[in-house]
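Dear colleague,

Here is the structure we spoke about, with the sequence alongside. My notes on what was found in it follow below.

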Amino acid sequence: MTARLSLYRKAEQELYKLDRSVKAQFYDFCHNFRNNPNLPGLRKKQLKGDSRIHSARVAEDYRALLTKTGVDTDGTESWLVIAVRHRRDVYEELQVAVNRVTGEIEFVDLAVVGDSALRRAGITLTPAEPDPNAPTPTPRPAPEPEPEPAAPPLLAAYRAEQLRDLGVAEQLIELALTVTTSAELDQLVEGAPLLSKDVLYGLAAGMDIDDVRKEITAPVELDQRPDPDDFATALARTKVTTVDDAVRAAIEEGDFRAWKVFLHPTQERIVHRHYEGPARVSGGPGTGKTIVALHRVKHLAEQLPPGHNKPILLTSFTKNLTTDLRLRLASLVGPDLLARVDIAHVDQLVGRVLGENTAPGRGRQRVYDTVALGEMRQMLAELDDRRFEPEFLIEEWEQVILGQSIPTRSDYFKARRAGRGRGLTRPERAHIWKLIDQFTARLDKLGIETWGQAAERAARFEIERATKIKARREYKEEIGGKDLIHRDNSSGMRYLGYRYRHIIVDEAQDLRPAHWKMLRAMADPDQPNDLFIAGDTHQRIYYDYQIALGALGIHIRGRSSRLTLSYRTTREILAEALRVVDPTDNKQKITFDDLDDGTDNLAGYRSVLHGPKPVFVPYRTWDDELAGLATTLTTWRDDLCTDENGAPRDPSGHIAVCVADREMVSQTMYYLTTKAGITCAELTKEGPKGEGEVHVGTMHRFKGLEYQRLAVVGASDGIIPRTSAIERYRTEDPPRYEREQRKARSLLFVASTRARDALTISWHGNPSPYLPV
């Protein structure tokens with residue numbers, strides 16, 4: 001008799017943590033079990049608590065827990081390894097079942113539940129293999145349930161039937177209703193199935209029960225209730241790893257492999273869903289938006305017909321983010337699929353479009369907004385015109401005129417100016433239009449244009465292209481194909497088609513309106529799965545455009561999903577970071593848009609990870625702060641020089657320092673290198689520059705990155721936010737003042753949530769008003 005073995009995800013995670021020698025013995029166990037599951041040396045036996053669970057010997061002190069899921073017609077048995085653990089941690093009360101919501105196999109482990117919760121529920125765990133060397137215990141009666149605790153249960157507002165309906169494992173429901181502290185809840189869900197963990201954490205985090213049902217339960221719920229005894233069908237729904245001779249390499253690859261293949265069930269539904277139009281996924285830092293976007297690329301690439309073209313576009317806002325996306329996607333798909341994906345940042349696309357539509361030698365040099373602002377300031381000085389601030393005029397041009405592609409003065413008179421603050425009279429609009437007209441003529445004479453201008457021109461070219469494609473399609477439908485070849489040849493349209501079949505956008509919150517119009521025109525709006533958008537407006541750090549995608553022809557209503565569980569940031573770091581963008585003491589509520597004329601929030605945003613609390617450190621001077629930073633970095637570096645087994649490890653790339661501007665980057669790197677003996681690598685738009693052990697960069701450069709330990713320095717009042725740059729708006733332009741404040745808060749929020757395990761924030765003088773201190 002032979003057997004087929006599969007690994008339950010929890011068992012796979014347990015194997016990652018085991019000693020190498022135990023892993024080797026597990027490989028031998030798998031080989032022997034597959035050849036003969038009834039081999040006497042395996043000592044396979046049923047547990048008394050749940051006869052569907054068997055214990056089998058892996059090594060002297062380790063056991064595999066398995067459940068049979070079926071038998072083939074040739075007699076081959078199918079078994080699922082649900083746990084691998086020390087024999088002292090194997091109890092009779094372990095249970096396996098089919099979840100009534102997802103139809104997947106669930107393994108419930110009460111061994112990790114806290115003693116206090118077990119006592120209150122009157123549960124006593126029985127070891128499956130008593131230690132023969134341990135002294136004979138004195139018989140004692142089962143513990144009486146504790147009296148009602150003074151503190152009310154965390155989930156006192158909910159009933160057992162509600163938890164059952166949301167998909168919480170049956171064996172955990174009564175226990176869940178007795179826990180009184182977050183520490184007890186952590187212990188309860190440590191060994192809980194994934195859906196149970198998400199539901200209980202969501203309710204404990206304050207999510208409304210309807211939101212839990214919509215965002216956690218509904219995405220993974222089957223249309224019909226599953227058969228609780230049909231383990232074979234349940235196995236087909238359950239994410240498992242088939243155990244064969246290649247499993248050794250898979251397990252040795254550890255957590256990196258887990259990242260490549262693991263998708264939370266909620267994420268998986270988003271990735272594999274068929275959308276009839278544009279779709280969007282949002283969520284706070286570390287919730288896996290980028291992972292979902294990358295897996296979405298993989299899923300769509302696998303559906304492509306054979307070919308050598310690149311019908312899928314993966315894009316983001318900056319060059320360094322796009323570089324990171326390329327590396328991560330290369331780890332997820334093979335070379336053949338990678339070759340079918342065009343990976344380019346959005347301004348790179350702008351350059352391509354303009355290059356195709358500009359005669360040789362007629363191109364313009366593209367400059368950043370700071371250069372344009374200097375030219376505007378110079379022009380106003382030459383005109384002796386003090387009616388409007390140059391910053392206001394540049395923003396009016398970028399956000400209203402370019403943002404809405406307004407071609408004429410009369411159109412500008414009718415344009416909406418949502419979020420722009422002060423209203424404008426008709427004469428004021430006329431004067432602004434005149435100034436902007438003079439300003440653009442000035443730029444033309446200099447042979448330069450801003451990236452905003454370039455994006456708007458590229459969008460117009462792409463819209464014209466899309467209009468021609470639509471006209472060709474309508475003409476073909478009208479004449480049924482007659483004379484089409486002749487017409488195409490005469491109009492130069494023979495090979496005209498949409499550039500992409502699918503477009504995936506990461507960090508979508510930072511794109512300009514013109515970028516969106518260009519992307520919309522690059523994919524066929526009449527085809528499914530055309531645009532997939534991942535972003536979080538709480539992390540908008542470049543422009544504060546209040547974009548409504550629907551007004552730009554991108555309709556995502558009914559196709560939006562939200563992720564709420566952070567896989568990167570610890571609960572301790574997350575709690576402090578959330579207070580930056582949603583302070584409890586702010587008198588005026590800070591609001592963030594949802595890219596579609598609504599508001600977004602981080603309600604229910606939570607983490608299951610634990611770590612040390614962030615450290616907030618004041619200093620008297622900048623020099624004192626740099627000295628303190630050096631001490632912190634030296635300690636971190638020494639801690640990370642060896643792994644958990646004492647083996648040497650290179651700490652490079654695990655530690656970073658985040659500052660507010662380029663000048664502080666230079667000062668920090670100089671001090672650490674010359675006075676502390678710490679080598680540094682500067683974060684640039686191309687990535688880390690150099691081989692230094694500590695990465696140093698501005699807050700903008702940390703977007704999309706993560707580090708094991710992170711120090712944010714110079715978080716002082718007047719620096720975050722840069723008071724000198726925005727204070728004048730407090731009375732002159734209050735709406736803009738609020739926008740600048742919101743953008744600065746988002747920048748600090750992004751910086752704080754780049755830390756995985758440890759975060760230190762320091763300042764000299766007074767702290768930033770955004771810090772929760």
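The mean pLDDT of the protein, pLDDT being the predictor's confidence in each residue from 0 to 100, is 84, and 87% of the residues reach 70 or more. This is a predicted model, in which local features need pLDDT of at least 70 and side-chain atom pairs count only at pLDDT 80 or more, whereas totals for chains, interfaces and linings use all residues. Residues are numbered from 1 along each chain as its sequence is written, and side-chain values use heavy atoms, with hydrogens and water left out. Over residues 137-142 pLDDT stays under 50, and for that stretch the model has one contact (heavy atoms within 4.5 Å) beyond four places in sequence.

As for the fold as a whole, the protein has 29 helices and 27 strands, taken as DSSP runs numbered from the N terminus (helices H or I, at least four residues; strands E, at least two). Of its 773 residues, 52% are buried, where buried means under 20% relative accessible area, exposed over 50% and partly exposed in between, with a 1.4 Å probe and protein chains only. Among contacts between residues at least 6 apart in sequence, 75% join residues at least 24 apart.

The axes of α18 (residues 390-402) and α29 (residues 734-752) come within 13 Å and cross at roughly 75 degrees, the axes being lines fitted to C-alpha atoms over the stretch in contact, with angles from 0 to 180 degrees between N-to-C directions. The two helices are therefore roughly perpendicular to each other, a term that covers angles of 65 to 115 degrees. Glu391, Phe392 and Glu395 of α18 make the contact with Arg736, Arg739 and Glu740 of α29.

Arg43, in the loop between α2 (20-35) and β2 (45-46), has a positive phi near 50 degrees although it is a residue other than glycine, and Arg43 is exposed, with a relative accessible area of 54%. Asn529, which is not a glycine either, has a positive phi of about 55 degrees; Asn529 sits in the loop between α23 (513-522) and β15 (531-535) and counts as buried, at 12% relative accessibility.

Key: Parallel < 35°, antiparallel > 145°, perpendicular 65-115°, else oblique.
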